Amino acid sequence: MVAKVGGDKLQKEGARKRRHPAEDGGKEDWKKKRGEQEKGRAMAQGDGGRKRLDALSVGYFRRVGERLSEGFEEDEEREMFVENVLAEVKDKASLVATDRTGSITLQRLLPLASPEQVGEVLAELGGELGARFKEVSCDRCGGHVVESALRQMSRWEEFSPKDPSSEEDDEVESTGTLETQLLSLSQVVRDNSAEFIRHVHGSHVVRTLLHVLGGCLGPPRTESRPGAKEHRVNPELTDFEIPTSFWYELKSLTETLMENINLSVTDGAASAVFQTMLTVCHRKRPKLCKQLLDRTMEYLTSRSSAPGISPLLVFLKDQTASRLIDTIIQLCHKSLLRDLYKNHLKGNLVDLALHPIANFPIQRLTAASAKYKLFLRLFDELVEGVESVLAAGHMGVIVQLAESCAESGEKQDEMMRCLLNSFHCAEPGSRHVCCLPLFMSLLTYEVYYQSDATEGSTQKEVPLTSICYHGSRLVQALAKFKERSHLLSSLRTLSPADLLTMASDPSGSHVLQALITTSSDKGRGKILKRLEGQYVQMACSKLGSRVLEAVWNSASVSQRQSIAQELVPSESKLRSDQFARHVWAKFALSHFVHRRAHWQEIQTGESKKRKLFSDLLE
């Protein structure tokens, strides 16, 4: 199936011409020119002149992909199909893996294959002694296939015999090949670690290898579109059992990687590998992780810098190094966290919070310290620069500071006073009731109400329009404070139209839900009184209906009855609406109309159960 020069096509094209170029004595020139064209086309396709799958093979693997999309009704049919396709792959696995169509098909096929079959594919990809693993792993398409093969080790236990005394030979045959090839790949990575971890594709193979050796996997990697925004969300990992050999191999691999610790602060791909290494070890090998963290910090703090300035202050402002430090802060133990602040960051937190890159590790530090007394010192230092941080637009720092106050239960009053001052609604006291729309929009009093500071305490009515993501996050954090009187008083001054705007807004709906559900029965009743007349519109809104359901779940029986009485007259509208019909069903409003006594009995029972569980949780 290896691509050949299209001789038949050339003959057909030549037959159409009146005279072959060779007839003019230019045969050698024609061959040379044709060869240059083919070489140029190969270079343009990015294959550097290497062999590629022919069109017939590409079509075959495309049809295989289509068949995989249809699925299989019986296991036997699936097993036979996988076996037949892998028979076609045999002896040309590298060509298939490094072809775009072949790679995509193999990635989808390997999860359906047995560990033994996956091991055979890996064995062919690696060649004798794993000599070709590096070439395939560092290929844009081949790297994905190697990753997919590695991930199948998570199914190792499925193919192990239930009775250890029986079928021992089958187990070795089924999983031994895959285990052996995985260890062979790890050896190749250790022998070429610097090249692997710096390579844009090879580094991903190393990261998957670390996960598999550790016995935990996240969701498979997907090819991102050019220009697409990268979402740095920590994936949820799933644990699985591993062979004993992996336990020792992970230790060996981490030791080899630590020899290239210098690359972790200079190369983005290598930095990501070290972050994965620390994350996996923190989850599966805590003692090893502690050693790695200490060694990494020792290296970072030993670099030379200006006299009297910690090298960490330089690394924190570097895009590559700051991400590694971010991970270290997230995973480090109490003593290392305390040393980090005391010897390197103390007195510099506000400056770092104002930096476009360093502010992110400061957010992580604030979150990590919430469990310790160290947070009190961090807070006292950061609170001095809250208004400057707000002006710089680094709202993540402010939100995290509020969330840490809520988690620790400390400095909550100071945080609220600081925010009131920063948004210019602390003095006079009559401005306190304006704090909620200011916090949600992240605008100062003068900007929001378009007034001058000298005008006094009077303000004109301004409809609630601008609610931003970070403003919503800030208020949700403040809603967890012990003292929420300022927020609730401000909420009760909003007009019903503003409350409906909040309920229907992607960010505002979370705020309204948080404030209502965390209120006492009396406080919730005051808010619901303001919402009267808006329930039908809320029920017909995608976001508002969710808020209404959350309110219902936390409401008392009498409050539920008031909501139901307002909704019932609009039965036809609610039942025909795509969102409100779910509200009608969940609130059992048909029961409310026809069997009200029974409905009230059910609601009373649910209310007692909810109160019982809340008492147990407290």
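User: Is I329 buried or exposed?

Analyst: This is a predicted model, and in it I329 is buried, because its relative accessible area is 2%, well within the cut-off of under 20%.

User: Ok, which helix is I329 found in?

Analyst: I329 sits in helix α17, which covers residues 319-331.

User: And how far apart are the C-alpha atoms of I329 and A367?

Analyst: Their C-alpha atoms are separated by 9.4 Å, with the two residues 38 apart along the chain.

User: Switching to charges. Which residues form the positive surface patch?

Analyst: The patch is made up of K334, R338, K342, K346, K373 and R377.

User: Which helix gives the most to it?

Analyst: That's helix α18, residues 334-345, with three residues in the patch.

User: What about R377, where does that one lie?

Analyst: R377 is in helix α21, which runs over residues 374-382.

User: What does the chain look like over 88-124?

Analyst: Residues 88-124 are 73% helix and 0% strand, and the end C-alpha atoms are 13 Å apart.

User: And how far apart are the ends over 530-565?

Analyst: There the end C-alpha atoms are 16 Å apart, and the chain is 81% helix with 0% strand.

Terms used:
Residues are numbered from 1 along each chain as its sequence is written. This is a predicted model: local features need pLDDT of at least 70, side-chain atom pairs count only at pLDDT 80 or more; totals for chains, interfaces and linings use all residues. Side-chain values use heavy atoms; hydrogens and water are left out. Patches are made of residues with over 30% relative accessible area and no salt bridge: like charges are joined within 9 Å, nonpolar side chains (Val, Leu, Ile, Met, Phe, Trp, Tyr) within 5 Å. Accessible areas come from the Shrake-Rupley method with a 1.4 Å probe; for residues, only the protein chains shown count as cover. A salt bridge is a side-chain nitrogen of Lys or Arg within 4 Å of a carboxyl oxygen of Asp or Glu. Lys and Arg count as positive and Asp and Glu as negative; His and the chain ends are not counted. The place of a charge is taken as NZ of Lys, CZ of Arg, CG of Asp or CD of Glu. Helices (H or I, at least four residues) and strands (E, at least two) are DSSP runs, numbered from the N terminus. Buried means under 20% relative accessible area, exposed over 50%, partly exposed in between (1.4 Å probe, protein chains only).
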